[in-house]
Amino acid sequence: MKVLKLGINGISKNLWLNLFMFIQITVIVVAVNVMVANMNSRNILLQPFSYLQGKTGVMFNKFDADPDDDSMVLLKKIEKKLKGNFTTHRIYDGGFPDPKSVKYVEVIGMETEFYKNINIPLAEGSWDLLSDSGNYVECVITQNTSGYGLGSIIKVHSDYVEDVTYKVVGVLSNPTYIIKSSCTSENCCNGFFESYDYNEPNTNIFMYVNGDKLKQYSGQKPMVGEIITYDNGISKSNYLKNNGVLGRTADYVTLGKFFAKSEDYVKSLQKRVLPIFIGAFIVMSIGIISASVIQMMNQMREYGVCYLCGATWLQCVVLSISSNIVTYFSSFIVSALAMFMINMSRFKINYGFLYMKNNLLVTLGIFAVLLLVSVISPLIVLKTSNIRKLILNS
């Protein structure tokens with residue numbers, strides 16, 4: 001309490017200096033956390049595909065297929081021409097009219113491995129899409145205007161395919177976490193993460209389901225494309241032959257190129273913003289250090305009197321930084337409120353933010369650096385100066 005009183009007293013004597021420090025610290029903390037949160041939201045979209053990283057393989061999509069053709073037949077024709085041992089990872093991509101509106105429900109059925117790796121945030125529920133029980137297909141959906149939520153049952157009737165009943169087991173926290181997984185070739189690399197602010201005018205709900213379970217219903221077929229991984233490696237000659245087959249029949253991209261381009265996209269914002277941030281951080285840090293030293297020099301007479309009256313060096317340093325601590329604490333409270341407002345705003349949905357543990361660690365790191373600077377600066381001055389002369393010159 002005594003330190004708090006000293007801090008408030010120091011702020012009142014140097015109001016403009018502390019206001020200057022307050023603004024700079026708040027800007028630094030908010031800017032850093034926005035950048036980190038943006039990186040988090042993009043990185044998390046790659047994690048479900050971690051089971052494919054490091055494997056040799058390709059992703060392809062046959063765009064010139066007739067809509068009336070059986071996609072499975074087309075895929076089998078391509079697979080028969082491929083050499084070597086391989087595993088297919090198919091994606092079921094479809095949809096149906098929303099029973100409660102005139103809009104559309106887009107369905108993405110991913111491989112089982114996808115859901116074993118997924119940790120995309122949910123507003124409620126879970127990613128429990130791998131159950132074999134029940135007469136329905138579990139799904140995770142976006143928030144919607146039709147009133148569907150956790151536990152909702154969506155019954156779909158069609159004259160062309162077998163009826164399917166879906167049960168909602170999870171709801172996405174926001175549209176940021178919709179993966180455009182139906183693009184499994186070069187377009188996937190260019191637009192894979194460009195799903196922020198998902199506002200497809202004719203789509204009311206986006207739905208994740210277990211592709212392995214969905215394919216048990218007759219008429220439910222994979223999209224005209226898939227991911228192929230080579231199980232035991234592949235010879236260079238067979239790899240080139242397979243690339244030739246795919247090049248003639250489909251658009252394709254290697255898994256290595258897909259992950260490389262995806263990581264480039266994830267890091268692109270950081271590459272653009274980081275130099276600006278480092279420059280701003282250096283300038284603001286110099287300003288904060290200067291303000292701290294000026295504030296300390298203005299109060300040096302008080303510190304000197306305290307020291308001559310029996311206070312220790314440590315007590316003088318604590319007295320020096322007490323007002324800074326109050327300023328830092330206030331700026332972090334305001335920063336937290338600002339980040340909360342960003343998290344609740346349209347800005348978050350448009351650009352994607354995800355606050356995780358590393359945000360807290362970065363924020364604490366900034367606080368630790370500022371605190372260290374506040375301790376070192378007065379300590380150096382007090383240790384290298386003559387207290388009596390400082391008092392006389394103050």
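Predicted model: local features only at pLDDT ≥ 70, side-chain atom pairs only at ≥ 80, totals over all residues.
Biologist: What is the strand order in the open sheet of 4 strands?

Modeller: The order is β2-β10-β1-β11, and the pairing is antiparallel.

Biologist: Which strands are at the edges?

Modeller: β2, residues 86-90, and β11, residues 251-254. Each of these pairs on one side only.

Biologist: How much are neighbouring strands turned against each other?

Modeller: By 20° on average, direction ignored.

Biologist: How many bridges join β1 to β11?

Modeller: There are 4, and the two strands run antiparallel. β1 covers residues 57-61.

Biologist: What stands opposite phenylalanine 60 in β11?

Modeller: Tyrosine 252 does.

Biologist: Helices next. Which strands does α7 touch?

Modeller: Helix α7, residues 236-249, packs on the sheet and touches β1, β10 and β11. Its direction makes about 150° with that of β11.

Biologist: And which strands does α3 lie across?

Modeller: Helix α3, residues 71-80, lies across β1, β2 and β10. It runs at about 160° to β2.

Biologist: Back to α7. How far does it reach from its first C-alpha to its last?

Modeller: It reaches 20 Å with 14 residues. That is close to the 20 Å expected at 1.5 Å a residue.

Biologist: Which residues of α7 are buried?

Modeller: Asn242, Asn243, Val245, Leu246 and Thr249.

Biologist: Why do the buried residues of α7 line one face?

Modeller: Seen down the axis of α7, they fall within an arc of 160°, so they line one face of the helix. In general, an α-helix has 3.6 residues a turn, so residues three or four places apart point the same way.

Biologist: What do those buried residues pack against?

Modeller: The buried residues of α7 pack against β1, α3, β10 and β11.

Biologist: And which residues are exposed on the other side of α7?

Modeller: Lys236, Leu240 and Arg248 are exposed there.

Biologist: Which way do the β6 side chains point?

Modeller: Val137, Cys139 and Ile141 point one way. Glu138 and Val140 point the other way. All are buried, Glu138 included.

Biologist: Does β6 run parallel or antiparallel to β8?

Modeller: Parallel, with 5 bridges joining β6 to β8, residues 164-172. Here isoleucine 141 stands opposite valine 171.

Biologist: And in which sense do β6 and β9 pair?

Modeller: Antiparallel, over 3 bridges, with β9 at residues 203-210. In β9, methionine 207 stands opposite isoleucine 141.

Note on methods
Residues numbered from 1 in each chain as written. Heavy atoms only, no water. Pairing = 2+ DSSP bridges. Axes fitted to C-alpha atoms, helices over the stretch in contact; angles between N-to-C directions. Contact = heavy atoms within 4.5 Å. Expected span 1.5 Å × (residues − 1). Buried < 20%, exposed > 50% of the residue type's maximum accessible area, 1.4 Å probe, protein only. Arc of directions from axis to C-beta.
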